[in-house]
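Please keep the sequence and the model in view while reading.

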Amino acid sequence: MTSLPERAGRRCHAVVNPFHSTVYFQPDYGRELERLGVEDRGADYFVSRAAAFGRVGAGTVTATFFNFKHDLVARYLPAAWDVISPEDALAARLRAADSVLRRLLGDDAVSSKEMAEAAELALRATEACCRAARPLYAAHADLPVPDAPHLAYWHAATLLREHRGDGHLMTILGAGLDPVEALASHTASGKGMSPKWILRSRGWSANEWAAAQERLRERGLLAADGELTPAGTELRKALEDETDRLDRAPYEHLGAAGVARLTELAESFTGAVIAAGGFPADLIGKR
C-alpha cells in the first residue's frame, strides 16, 4: 500500500463527488422522466438513485439513503416502477448526465484528453472499492461503464461517492445519530445543506428539525445559538476521520501521484461546473 498525505482521499472525494451530483440539481433528468410518463418531479431523485437496485420498495430506499423521511420515499416508491422500469430510468439518467455535462462544460471539455485521463484514474481507484456492507456502491458497481470518457468519469465519480457514503453511514450509526440529528449537526458545522434545502428535499418538518436540534443540545453537541459545541465539533471531526479510514482503499490503490493528479483534474472540471451554475447558490449554509 502507498502512503498518502493526510486527508488526500477526502480532498479528492470533495472535488470528484460534485461531478456526479450536479445531475440532481439540473432539470435534464426530470425532463427525461416526464417524457417517459413520470410527471411528479418529487420522484426524480428516488427513481434516479434507486434504479440500480431494481424494483425495490420504499423500505430499501429509506434504509440505504438514510436521511430521507420514510413517508416521503413511500409517496413515490414502489409506485414509480409501474410507470417506468429501472432499466429505462438508468438509461434516462445517463442521457441526462450527458446533456448536463455538455451544457455546463462544453463539448471540447467533455471530449478532451484531460477528461479521458480523469476517467482512467477514477476508474482505477474504484478497482479497490469493496462491496461488503456497501449496498449503494455495490448496486452501482454492477452497472456497465459507459464508453464516452465524460460518462465513464461520471460513472466512476458515482461509485466513489456511494462507496464513501455507505461507509459514512456506518460511522453515523456508530455515533448514535438518527437521520435528522446527522443532518442538523452537519448543517451546524457549516459544511452541510442549508435547513431550507433539507426541509424541502428530505421530508422532515420544521418541528422535527427543531426536536433533533434539542436532542443534540441534550447530548452537549449543539449550543443554544445553534452552533456546534466543542464536543459537537469533535464528533463531526471523528465521523469524517473514521469515514476516511473506511474509504482509504481506493485512494491507496491509486497511489499518491495518481490521487494528486485526479484531484487536480477534478478541481478543474468541478470548478467549471460550479462556475456555470451547476448548483444553487444557497445550497450550503447554516441558515
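The model is predicted, with local features needing pLDDT of at least 70 and side-chain atom pairs pLDDT 80 or more, while totals for chains, interfaces and linings use all residues. Residues are numbered from 1 along each chain as its sequence is written, and side-chain values use heavy atoms, without hydrogens and water.

Helix α13 covers residues 206–218; helices are DSSP runs (H or I, at least four residues) numbered from the N terminus. Its 13 residues should span 18 Å at 1.5 Å a residue, and the distance of 19 Å between its end C-alpha atoms agrees. The expected span is 1.5 Å times one less than the number of residues.

Buried (under 20% relative accessible area, 1.4 Å probe, protein chains only) in α13 are W209, A212, Q213 and L216. They fall within an arc of 100 degrees seen down the axis, so they line one face of the helix; the arc is taken from the directions from the axis to the C-beta atoms. The face turned away carries N207 and E218, which are exposed (over 50%).

The buried residues of α13 pack against two helices (contact: heavy atoms within 4.5 Å):

| Helix | Residues |
|---|---|
| α11 | 179–188 |
| α12 | 195–201 |

After α13 comes G220, with a positive phi near 80 degrees.

By class, the lining of the second largest pocket has 4 nonpolar, 2 polar and 10 charged residues. Here, Asp, Glu, Lys and Arg count as charged; Ala, Val, Leu, Ile, Met, Phe, Trp, Tyr, Cys and Pro as nonpolar; and the others, Gly among them, as polar.
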